[in-house]
Amino acid sequence: MSSVLQPPATGNDPTGATKYRPVSSHLAIAPPVSVVIPAMNEAENLPYVFKTLPDWIHEVVLVDGNSTDDTVAVARELWPDVKVVEQRGKGKGDALITGFQACTGDIIVMVDADGSADGQEIVSYVSALVSGADFAKGSRFANGGGTDDMTFIRKMGNAALCAVVNRKFGARYTDLCYGYNAFWRHCLDKIELDCTGFEVETLMNIRVVKAGLKVQEIPSHEYLRIHGVSNLRAVRDGLRVLRVILQERSNRRELRGSRDRSPVLGGVPARGVRGKV
C-alpha cells in the first residue's frame, strides 16, 4: 500500500498530496497533530523523549513549569521549531491546560517529559482517532501494555480507583491514572477541564465518559523515569484522585436531581423547560 494517500487534485494544489502526512507504510493523515509536553527541570530526560517523537507531527508544545535547569534550551536544540509556553500557575493539570490552549493541531497528544513514554506509540493513538474514536486512552494493563515503574501498592490503588470509576460512571477502563492520551481538539469543549493537579488525568477520563464520547484504550508500555525523582506520592495523590471521583459523582447526582425536579405535564416537558440537558 502506498505510504501517501492521493486526494483529489485542486486548482490551488496541483499535486493534491500536500495536505497529507505519511504516518506509516499503511497510513497517511490530513489532521495536524500537536504533542504537549509539560516539563519542569527535565533537561536530562528531554533527549530521550524527543528522539522517539515521529517527524510527521505538526508541532511540539513544551510547557515550562519555571525550570531552573536548561530544559528550555535543550528543547530548542533538540526540536528547533518547538513552541515553548511558560506556565503561570502550578501543577500538572494547570500545565496541560496551558499547553492545550497553545495547540493549533486538530489532534492533541499528551506526553510526559520524564522519558517513561515511547513517542513511537503515537501512531497507535492517532490511528484510533482517525478510525472513529474521540479519545484514545493509554493503558498499561490492556493486552500488549505494561509498566516498569509501578510498585505493588500503586498497582492495587490504581486498580481499586479504576473499579470505582467503572462502576459509578459506566466506563470499561483497565487503567485510570496514566498520562499518555490523545484526543480530538473539539473534545476540550465538552469536558471543560478545571483541575490543576496530577488528578487531571482522572478527571479527563471521567468527563469523556460523562460527555458520551467514544473512547478507545491503547496498549502502552511505561518505562522507568530516566533521570531525577518523581513528585508522585501514592497515598497523597490517591486521595486526591478519590476526591475528584467523589466530586464528579456528586455533580452527576445533582444534575440527575435537577432533571427529576423539572416540571413535566403528561410526560412532556412544560413550556420553558428543556426536555434535554
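The lining of the largest cavity divides into four nonpolar residues, two polar and one charged. Here Ala, Val, Leu, Ile, Met, Phe, Trp, Tyr, Cys and Pro count as nonpolar, Asp, Glu, Lys and Arg as charged, and the others, Gly among them, as polar. The lining consists of Val111, Asp112, Ser116, Ala117, Tyr178, Gly179 and Tyr180. The volume of the largest cavity is about 30 Å³. The count comes to one cavity of 30 Å³ or more. A cavity is a set of points, on a 1 Å grid over the protein atoms alone, where a 1.4 Å probe fits but cannot get out; lining residues have an atom within 4 Å of a point. Volume is the space filled by probe spheres set on the points, which are joined across faces, edges and corners.

This is a predicted model, in which local features need pLDDT of at least 70, side-chain atom pairs count only at pLDDT 80 or more, and totals for chains, interfaces and linings use all residues. Residues are numbered from 1 along each chain as its sequence is written, and side-chain values use heavy atoms, with hydrogens and water left out.

The protein chain has eight helices and 13 strands. These are DSSP runs numbered from the N terminus: helices are H or I of at least four residues, strands E of at least two. Of the 277 residues, 46% are buried. Buried means under 20% relative accessible area, exposed over 50%, and partly exposed in between, with a 1.4 Å probe and protein chains only. Contact means heavy atoms within 4.5 Å. Among contacts between residues at least 6 apart in sequence, 71% join residues at least 24 apart.

Helix H2 spans residues 71–78, and Thr71, Val72, Val74 and Ala75 are buried in it. Seen down the axis of H2, these buried residues fall within an arc of 165°, so they line one face of the helix. The arc is that of the directions from the helix axis to the C-beta atoms. Elements covering the buried residues of H2 include those tabulated here.

| Element | Residues |
|---|---|
| strand S3 | 33–39 |
| helix H1 | 46–51 |
| strand S4 | 59–64 |
| strand S5 | 83–86 |

Glu201 sits in helix H7 (residues 200–210). Glu201 is buried, at a relative accessible area of 2%. Beyond its neighbours within four places in sequence, Glu201 contacts Lys92, Met110, Cys177, Tyr178 and Gly179. Tyr178 and Gly179 also line the largest cavity.

Lys190 belongs to helix H6 (residues 188–191). Lys190 is partly exposed, at 48% relative accessibility. Leaving aside neighbours within four places in sequence, Lys190 contacts Ala211 and Leu213. Lys190 and Ala211 are 21 residues apart in sequence, and their C-alpha atoms are 6.4 Å apart.

Conventions. 1 Å grid on protein atoms, 1.4 Å probe; cavity = no way out; pocket = protein on both sides within 12 Å on 5 of 7 lines; lining within 4 Å.
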